[in-house]
Structure formats: structure tokens, C-alpha cells
Amino acid sequence: GLGSAAAIGQWTHIRRDLRADLKEAQPDVTLLEVNAFLIRGSGRIDDLKLLGDTAPDTAPFSGTVYEDAEDETVNGWMIYGNALSEAAVTNVYDENLGSRVIQLQGAGTETGYRLADEASATWDSKWGNTTEFIAEWRMRYSESFVVFIDVETSAGHRYLLYTPVDYDNLGAGENIHHGVGSAAAGGEWVTIQRDLRADLQDAQPDVALLEVNAFLIRGSGRIDDIRLSE
């Protein structure tokens, strides 16, 4: 399932790891060849493409990059939650991607990590992005995680939550949950892209998204290319 937001009349970007999707259902089967794209239903479609396992998206990016790790620092990251003495944020080189990434290490989902303003790693720091509502990040996790996108709305503060499950819990209060598929915790690099406005209105259709302020995640793994675009 791609989520009900994929059929609400707005342009959405779908990106899937075909090998992971196959193995999630049939783990003993190996993907050998991709041959065609088929679709049933009336609408518009564009930019059909295939990428290799570690191929970068070569299309020009027009948006704001909040973390790509290439500066070899961890500026802007904060650690919170439990087991803080065991937690660390490090900037490392990833052989699979061929680039630098951020490694988060702690006590599973008991430990959290927050990324906001690079110059000020405090709870008061925020992005204040009022125009770019498409969120994208790349991650490699072998355990459960919870991603929180910190936003302000016409009804007050909200967290958009994303976990590696195959269902949505949505929600009428401050926390709004969407699943990004169990394959996201399968130990391989995956790219997650979400339309934050659509995810908010999927749960609370009368609430407007006003501002995106921070990226938070609980769980240990590697993450890269956190960015927003229009």
C-alpha cells in the first residue's frame, strides 16, 4: 500500500526498493530483471525511472538540505530521552553509499535525536520553513524507529510520526502516525519521501500546515540527506 494520500488529487512522488518489496513477501525469491510499468486508473503520471542500489538521484535538487553529512560535523544534532550515557551522534563514511552519513547510536527507541538549526542545537532552535512541505530523507535501519517531523499548524503544534509498519494510525490530536512499510527497517538504505501537507490532512482534513521546524528520530541506525522541497 502507498497510503491514501497517493489518490487525493495532488502530485506525489513514489519511490520503492523493488528488491526489498519482493523479499518482504517472498524472502527466498531473488529479483533478476525489471521489464515494464503498468497502471490501472485515470490520472497523470511523469518521471518514470529506475535507479541502481546506490545510484544518486541526479535530477537537480531545488530545496533546502538540512543534513547531508558532507561537512564532516554533527552540528545541529541534540540527544534526548533515556540512556544518554550510551548515546552518540557521529559523522562516518558509508561504504555502500560512497559518501558521509550520520550514525545514531543509543538504547533503541529509548534514545532520541533532534536536528534543527545547524548553528544552535537547542530546543528553541527551529527551521521555520513556511514554503517547503515535501520531506525526504535516506536511512539504513535494522531495528524499529520513530521519525517525528515537528510542525506548526492552524490548530497548533503537531508531530507527524513515521514508523516501519504497514498501516496508519493517523490521530486527531498532536501526534499523527503513518507507516512507511516494514522494509524500512530491513537493514538496507531506503529513501523516504512524504508530502507533509497531505499526511496532515489525511488525518485532520480541516487543519492547515503552516511551518516545518525540526526532524527527530528515535532508534539506532544511519541517516542522510534530510531535506525539504516544494
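Tutor: Let's start at E24, which is partly exposed because its relative accessible area is 38%. On this scale, buried means under 20% relative accessible area and exposed means over 50%, with partly exposed in between (1.4 Å probe, protein chains only). Before going on, note that this is a predicted model, in which local features need pLDDT of at least 70 and side-chain atom pairs count only at pLDDT 80 or more, while totals for chains, interfaces and linings use all residues. Residues are numbered from 1 along each chain as its sequence is written, and side-chain values use heavy atoms, with hydrogens and water left out.

E24 belongs to helix α1; helices (H or I, at least four residues) and strands (E, at least two) are DSSP runs numbered from the N terminus. In sequence, E24 and S182 are 158 residues apart, yet their C-alpha atoms are separated by 7.9 Å.

Helix α1 spans residues 18-25 and also contains L18. L18 counts as partly exposed because its relative accessibility is 38%. Together with L31, V34 and L50, L18 forms a nonpolar surface patch with about 330 Å² of accessible area. Patches take residues with over 30% relative accessible area and no salt bridge, joining nonpolar side chains (Val, Leu, Ile, Met, Phe, Trp, Tyr) within 5 Å and like charges within 9 Å. The areas come from the Shrake-Rupley method with a 1.4 Å probe, and for residues only the protein chains shown count as cover.

A charged counterpart is the negative surface patch of E70, D71, E72, D117 and E118. Asp and Glu count as negative and Lys and Arg as positive, while His and the chain ends are not counted; the place of a charge is NZ of Lys, CZ of Arg, CG of Asp or CD of Glu. One member, E70, sits in the loop between β1 (63-67) and β2 (77-81), and E70 counts as partly exposed because its relative accessibility is 43%.

Now zoom out to the whole chain. There are two helices and twelve strands, in the order α-β-β-β-β-β-β-β-β-β-β-α-β-β along the sequence. Along the principal axes, the C-alpha atoms fill a box of roughly 50 × 45 × 35 Å. Of the 230 residues, 41% are buried.

The structure holds six salt bridges, each a side-chain nitrogen of Lys or Arg within 4 Å of a carboxyl oxygen of Asp or Glu. One of them pairs R222 with D94, whose closest N and O atoms are 2.8 Å apart. This pair links distant parts of the chain, with R222 in strand β12 (residues 221-229) and D94 in strand β3 (residues 88-94), 128 residues apart. R222 is partly exposed, at a relative accessible area of 22%, whereas D94 is buried, at 1%.

Another salt bridge joins E136 and R227, with 2.8 Å between the closest N and O atoms. E136 lies in strand β6 (residues 134-140) and R227 in strand β12, so this pair ties together parts that are 91 residues apart in sequence. Both E136 and R227 are buried. The salt bridge of R194 and D199, at 2.9 Å from N to O, likewise has two buried partners.

In the loop between β11 (209-218) and β12 you will find S220, which counts as buried because its relative accessibility is 8%. The C-alpha atoms of S220 and T109 are separated by 7.5 Å, although the two residues are 111 apart along the chain.

Finally, two backbone details for you to check. D47, in the loop between α1 and β1, has phi near 55°, a positive value in a residue other than glycine. D47 is exposed, with a relative accessible area of 62%. A83, in the loop between β2 and β3, also has a positive phi, near 55°, without being glycine. At 23% relative accessibility, A83 counts as partly exposed.
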